[in-house]
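User: I would like to go through this model with you. Could we begin once it is on screen?
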Amino acid sequence: MTVTERHVGPLLEIKGLKTHFFTQDGVVKAVDDVTFQISHGQTLGVVGESGCGKSVTSLSVMRLIDRPGRIVAGEVLLNGEDLLAKRDADMRDVRGDQVSMIFQEPMTSLNPVFTCGDQIAEAVQQHTAVSRREAWDRAIEMMRVVGIADAKRRAGEHPHQLSGGMRQRVMIAMALSTDPDLLIADEPTTALDVTIQAQILEVMRDLRTKNRMAIMLITHDLGVVAEMADEVVVMYAGKVVERADVRTVFGTPHHPYTKGLLLSIPRLDERVERLEVIKGTVPSPLNLPTGCLFKRRCPYRMRVCDTAPPYQEVGPGHFSRCWLTPAGEEPAVGADATGDEAEAAAEQLTVETR
Amino acid sequence: MTERPISEPTSAAQATTEGSMTSGGQTSAQRTAARGGAGAGAGPLLEVNDLVKHFDIRGGLLGISKLGAVRAVDGVSFSVNEGETLGLVGESGCGKTTLGKVILRLIPPTAGRVNFEGKSLFDLSSRELKAARRDIQVVFQDPYASLNPRMSVGEIVGEGLYVHGMTNKKEREAAVRDLLKRVGLNQAHIHRYPHEFSGGQRQRIGIARALALRPKFIVCDEPVSALDVSIQSQVLNLLSDLQDEFQLTYLFIAHNLAVVKHLSTRVGVMYLGKLVELSDADELYRSPAHPYTKALLSAIPVPDPTVRRERIVLKGDLPSPANPPSGCRFHTRCPMAQEICKTEEPPLRDVGGGHMSACHFAEEVTPLEIRRPVGVPA
């Protein structure tokens with residue numbers, strides 16, 4: 001157990017986070033002014049398509065951004081402490097101890113030359129003052145917790161001897177061995193088959209209730225989000241475009257992008273002749289449109305969309321970065337508003353989500 | 001003949017190739033007859049009969065002694081009717097991709113037969129095979145790996161046309177431009193290279209390439225699984241539009257049951273090299289007749305947080321296809337398994353109305369329980 005003082009308020013607060021990549025071709029604003037928070041024990045789903053910045057957001061929380069990338073602005077508060085202000089050595093204690101992370105591809109995240117047990121035990125010893133023997137026992141215990149049958153034998157095996165699902169369990173066992181407050185899971189089941197995915201999601205659900213652990217679940221799979229998340233953040237081109245509790249996002253989405261996403265997936269329980277599509281593709285991060293980043297693909301496009309839309313509260317706890325009114329109608333400034341008038345209106349409508 | 005050519009250049013090419021084929025043995029009359037009959041839209045276009053594909057595991061001192069075999073496809077039979085889409089689902093290692101490759105004759109079979117328009121694909125001479133390949137095309141999963149990075153779009157899409165006799169550059173370019181338009185790409189991009197396109201656009205290039213020779217049958221192997229959701233629906237719609245436009249027949253292989261069900265007329269479910277269930281797509285979802293299908297359905301997360309479903313979490317991992325379990329291959333993970341399942345392999349049988357299942361207890365498989373909150377329409 002981590003001996004941090006119980007901080008009142010959310011476990012993790014991300015405020016105005018900007019992570020940019022300074023490439024030869026220009027500046028890629030991978031994460032551009034992202035704000036959200038996760039409470040203790042809560043599961044937050046972060047959804048979006050490739051390149052929307054969801055993974056970079058999580059790597060920024062862990063401060064694992066390499067050149068040419070840099071966190072250029074914002075705060076990442078964990079239990080009220082700013083992680084971005086920490087020294088590298090202190091940050092190392094945060095990683096694994098308070099925040100753990102699991103990745104999409106378990107094979108590349110595990111060291112092929114050490115046994116699974118060794119790798120988990122190493123993580124335990126890094127973060128707690130225990131003997132080698134105790135760490136090994138803890139490793140086996142954790143492997144049992146995540147549902148690895150015959151954990152004793154498996155602990156002595158190398159990653160290549162395990163199946164993909166088993167490897168992901170080992171990753172989870174390792175991530176959880178230090179009892180973190182927050183687990184960041186970046187596409188944890190994307191590389192797995194559905195029946196194995198169901199097993200892993202079950203393990204995560206179990207552990208969440210037992211350990212009161214918060215989870216930041218990053219995925220492109222809306223089904224996984226619907227099943228796992230309490231609250232959902234939808235990202236598009238580096239920005240949060242919608243945020244609400246899971247039922248609201250799926251039941252009464254406000255942002256046209258969210259609506260489009262939900263309509264474009266084929267469903268098992270329905271039969272449609274044609275799928276709805278979101279036309280076009282995600283804009284190049286080097287050539288983003290002015291104003292609303294989604295406007296070129298949006299069926300509701302108005303002239304006012306040439307001005308950056310407000311981030312408004314469209315319902316209790318429901319936020320959307322769009323000019324449409326909460327009821328989905330033309331904004332009060334008028335669909336044709338431009339320039340200063342539109343900018344002033346956007347500022348007025350935008351809520352501070354701190 | 002009328003449905004095949006879409007523009008002058010194509011029909012010209014056709015004339016050339018068919019001319020050469022006549023001299024090569026297969027009569028053009030045969031082909032025409034087959035095509036003429038196809039218009040009726042009935043009868044199987046493709047018949048797969050007890051197809052087996054084993055990959056030998058070799059080892060020993062010289063690496064030549066046979067240690068065993070991976071039984072990737074192990075006795076699969078089904079047929080695909082003219083104009084329909086047959087979906088094939090299953091998890092990694094179930095043999096669905098291998099099956100597709102054998103049908104395409106990209107790899108030789110171990111045993112079994114595949115008939116296309118009543119003619120065995122495995123008994124063709126190389127000349128006949130070349131002709132058959134015009135009719136059977138493929139769209140691959142990975143749009144990054146399946147396009148040659150050193151060839152322009154025009155060369156990629158036009159290569160098949162060239163090989164099959166359209167040697168006039170101008171004609172070919174016109175045909176390629178037409179194809180690009182049909183798959184929703186900008187015709188002006190004909191001289192661009194694959195790296196200049198996004199994943200979805202690359203998949204469209206792959207589809208244009210498959211269409212170039214006006215095939216009758218296309219094997220789509222996971223054509224949308226590498227794409228983002230918003231792009232996935234665009235490509236799925238394109239595939240169904242093209243099917244209507246060119247009267248195509250698809251074998252649609254994918255692991256995502258929702259995607260397969262959306263596009264397919266009938267769906268086959270594979271497990272460890274065997275076809276375990278085959279039925280009408282909606283019927284499969286409504287009343288699965290194999291416990292594996294049911295587990296697969298229950299494992300797919302539904303993008304609706306208000307729905308509560310019965311969940312069957314299968315125990316353990318997929319057994320190795322090199323050493324499959326005795327009897328029913330699913331018995332090691334099956335929640336319904338009995339003694340008989342360990343010893344006796346259940347045959348694929350009709351459990352009513354053409355719904356095929358390979359389970360001893362197919363009649364006892366209940367539909368998946370789905371609960372919606374009161375007041376939410378189904």
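This is a predicted model: local features need pLDDT of at least 70, side-chain atom pairs count only at pLDDT 80 or more; totals for chains, interfaces and linings use all residues.

User: Which residues touch the most other members of the largest nonpolar core?

Analyst: They are A:Leu217 and B:Phe252, in a core of 204 residues. Helix H7 of chain A, residues 164-176, contributes the largest share of this core, with eight residues.

User: What is A:Leu217 in contact with, leaving aside neighbours within four places in sequence?

Analyst: Its partners are A:Thr43, A:Leu44, A:Gly45 and A:Val46, together with A:Ala185, A:Val225, A:Met228 and A:Ala229.

User: Turning to the open sheet of chain A, what is the strand order?

Analyst: The eight strands run S6-S7-S8-S3-S9-S10-S12-S11, and the pairing is mixed. Strands S6 (99-102) and S11 (311-315) of chain A form the edges, each pairing on one side only. On average, neighbouring strands are turned by 20° against each other, direction ignored.

User: In which sense do S11(A) and S12(A) pair?

Analyst: Their pairing is antiparallel and spans four bridges, with S12 of chain A covering residues 318-321. Within S12(A), A:Ser320 is the bridge partner of A:Gln312.

User: Now the contact between the chains: how many residues does each chain give?

Analyst: Chain A gives 38 residues and chain B gives 35 residues. On the chain B side, helices H8 (229-246), H9 (257-263), H10 (281-286) and H11 (291-299) of chain B each supply at least two residues. The largest share of that side, seven residues, is from H8(B).

User: What is the make-up of the side of chain B that touches chain A, by class?

Analyst: That side has 18 nonpolar, ten polar and seven charged residues.

Terms used
Residues are numbered from 1 along each chain as its sequence is written. Chains are lettered from A and ligands numbered from 1 in the order in which they are written. A nonpolar core is a set of buried Ala, Val, Leu, Ile, Met, Phe, Trp, Tyr and Cys residues joined through C-beta atoms within 7 Å. A residue is buried if 20 or more other C-beta atoms lie within 10 Å of its own, exposed if 12 or fewer, and partly exposed in between; C-beta atoms are placed from the backbone. Two residues are in contact if their C-beta atoms, placed from the backbone, lie within 7 Å. Two strands pair if DSSP finds at least two bridges between them. Axes are lines fitted to C-alpha atoms, for helices over the stretch in contact, and angles run from 0 to 180 degrees between N-to-C directions. Ala, Val, Leu, Ile, Met, Phe, Trp, Tyr, Cys and Pro count as nonpolar, Asp, Glu, Lys and Arg as charged, and the others, Gly among them, as polar.
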